[in-house]
Amino acid sequence: MSHRESWPGDDDPDAPEAEEPSAEEEEEDEPELRVVEHPDDGIDIPDDVELLEGEVRGTRRGVGIVLARSPEASAAALLDAAFAELDAVSVGREHVTVMLVPGPFELALGAMALAKTRRYSCVIALGDATGSAVLAGEAASGLQLAGLETGIPVAFGVLTEEGDFAERATSAVRTGLEMADVFQQLRASAKAV
């Protein structure tokens, strides 16, 4: 009997079974573990240590976006910027699902629901909580919990202070895709063992 490393969310008896890709799809699309060169970015990692790092790229599974629709102007700007970045990294619209929730407080529950379906490689949470530090903190805490509980990366694209909507959404998309890529690599290496 082989032992497989357990991932958060794997032992959820209520989680629906994810559709398994065919053997051909798995061979074509399953990323291999990529150990990268040590970059010269100011982080001192010893040469005898392997460095694993994700890339911002399209994914075989879908991308979930949970969007706080209030305030409307913020929601529209965040979503437009997220779609522009997804287009830029070649994630087709047919691979994206958007879930609308009333406001930033509900983002965590929406993210958890999307992640538990196991249909998405990552969930990107977008909203505007600039009016309340408490609301921003609760959104951050809940979104982190959604990622930890499910093992699906949940990217934080919530404005917590006045700023650039496009920058926040773009950063969240890139973070979600990078984390999804590194998680796919880790899962692929665990299957190979």
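## A right-handed β-α-β unit

A crossover is called right-handed if, with the strands pointing away from the viewer, the path from the first strand over the helix to the second runs clockwise. Here, β3, α2 and β4 form such a right-handed β-α-β unit. Helices (H or I, at least four residues) and strands (E, at least two) are DSSP runs, numbered from the N terminus.

Before going further, a word on the model: it is predicted, so local features need pLDDT of at least 70 and side-chain atom pairs count only at pLDDT 80 or more, while totals for chains, interfaces and linings use all residues. Residues are numbered from 1 along each chain as its sequence is written, and side-chain values use heavy atoms, with hydrogens and water left out.

## The paired strands

Strands β3 (residues 62-68) and β4 (residues 96-101) run parallel and are joined by 6 bridges; strands pair if DSSP finds at least two bridges between them. Ala68 stands opposite Val101 in β4.

## Two salt bridges

How many salt bridges does the count give? It comes to 2, taking a side-chain nitrogen of Lys or Arg within 4 Å of a carboxyl oxygen of Asp or Glu.

One joins the side chains of Glu85 and Arg174, at 2.8 Å from N to O. Because Glu85 sits in helix α2 (residues 72-88) and Arg174 in helix α5 (residues 165-192), this pair ties together parts 89 residues apart in sequence. Glu85 is buried at 13% relative accessible area, whereas Arg174 is partly exposed at 36% (buried is under 20%, exposed over 50%, partly exposed in between, with a 1.4 Å probe and protein chains only).

Arg93 and Asp87 also meet through their side chains in a salt bridge, at 2.9 Å from N to O. Arg93 is partly exposed at 47%, and Asp87 is partly exposed at 40%.
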